[in-house]
Amino acid sequence: MEKVSTVIKCMDFRQDGFFKKWLKDNGWENSDIISVAGSVKELVGEKEDIRNWLLNMIKISRDGHNSREVILTTHSTCGAYAIENEEEEKEIQLKDMEKAESLIRE
């Protein structure tokens, strides 16, 4: 069976042009892609229904396609974060990714 990954990404259309190429270049072309505004921001956010939906999508990928790794992505100038300072945005996104990793591992 081929290796499958689960990717959580922002739905921002500006990523579409290069995103699949980036996945392929990094050996993740066989990925279930979960696309949601703000990506990990929603996974660690206060909306329990969205968090549960995302965790269920990860479970479906794991159970249905034998995915054994989750790739978390964010991007600069993300409208869901709405932070003008890119360094501040990056810092918050990295913290959110750490929280998301812990949540997924649970």
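Me: Which residues does Glu-89 touch, not counting residues up to four places away in sequence?
Reply: Contact means heavy atoms within 4.5 Å. The model examined here is predicted, and Glu-89 has its place in helix H4. With residues up to four places away in sequence left out, the residues that Glu-89 touches are His-75, Ser-76, Thr-77, Cys-78, Tyr-81 and Ile-83.

Me: Is Glu-89 buried or exposed?
Reply: A residue is termed buried under 20% relative accessible area. Glu-89 has a relative accessibility of 1%, and therefore it counts as buried.

Me: How far apart in space are Glu-89 and Lys-3, C-alpha to C-alpha?
Reply: In sequence, Glu-89 and Lys-3 are 86 residues apart. In space, the distance from C-alpha to C-alpha is 32 Å.

Me: Which residues of H4 are buried, and what arc do they cover around the axis?
Reply: Helix H4 comprises residues 86-105 and spans 28 Å from its first C-alpha to its last, close to the 28 Å expected. Its buried residues are Glu-89, Gln-93, Asp-96, Met-97 and Ala-100. They lie on the same side of H4, because the arc they cover around the axis is only 110°.

Me: Which exposed residues does the face of H4 turned away from its buried side carry?
Reply: On the buried side of H4, the cover includes helix H2 (40-43) and strand E3 (70-72). The face turned away from that side carries the exposed residues Glu-87, Glu-98, Lys-99 and Arg-105.

Me: Which residue caps the N-terminal end of H4?
Reply: The backbone nitrogen of Glu-87 lies 2.9 Å from a side-chain oxygen of the capping residue. The residue that caps this end of H4 is Asn-85.

Me: Where does Ser-5 lie, and what is its relative accessible area?
Reply: Ser-5 lies in strand E1 (residues 5-9). Residues up to four places away in sequence aside, Ser-5 touches several residues, among them Trp-28, Ser-61 and Ile-71. Ser-5 is buried, and its relative accessible area is 1%.

Me: Is the ring pair of Trp-22 and Trp-28 stacked, edge-to-face or tilted?
Reply: A pair of aromatic rings is described by the distance of the centres and the angle of the planes. Planes under 30 degrees apart count as stacked, over 60 as edge-to-face and the rest as tilted. The centres of Trp-22 and Trp-28 are 5.4 Å apart and the planes are at 55°, so this pair is tilted.

Me: Which residue lies over the face of Phe-19?
Reply: Phe-19 forms one aromatic cluster with Trp-22 and Trp-28. At 5.2 Å from the ring centre, the residue over the face of Phe-19 is Lys-9.

Conventions: Residues numbered from 1 in each chain as written. Predicted model: local features only at pLDDT ≥ 70, side-chain atom pairs only at ≥ 80, totals over all residues. Heavy atoms only, no water. Helix = DSSP H or I, 4+ residues; strand = E, 2+ residues; numbered from the N terminus. Expected span 1.5 Å × (residues − 1). Buried < 20%, exposed > 50% of the residue type's maximum accessible area, 1.4 Å probe, protein only. Arc of directions from axis to C-beta. Polar contact = N/O pair within 3.5 Å; in protein donor to acceptor, adjacent residues only side chain to side chain. Phe/Tyr/Trp six-rings, centres within 6.5 Å; stacked < 30°, edge-to-face > 60°. Lys NZ or Arg CZ within 6 Å of the ring centre and 35° of its normal.
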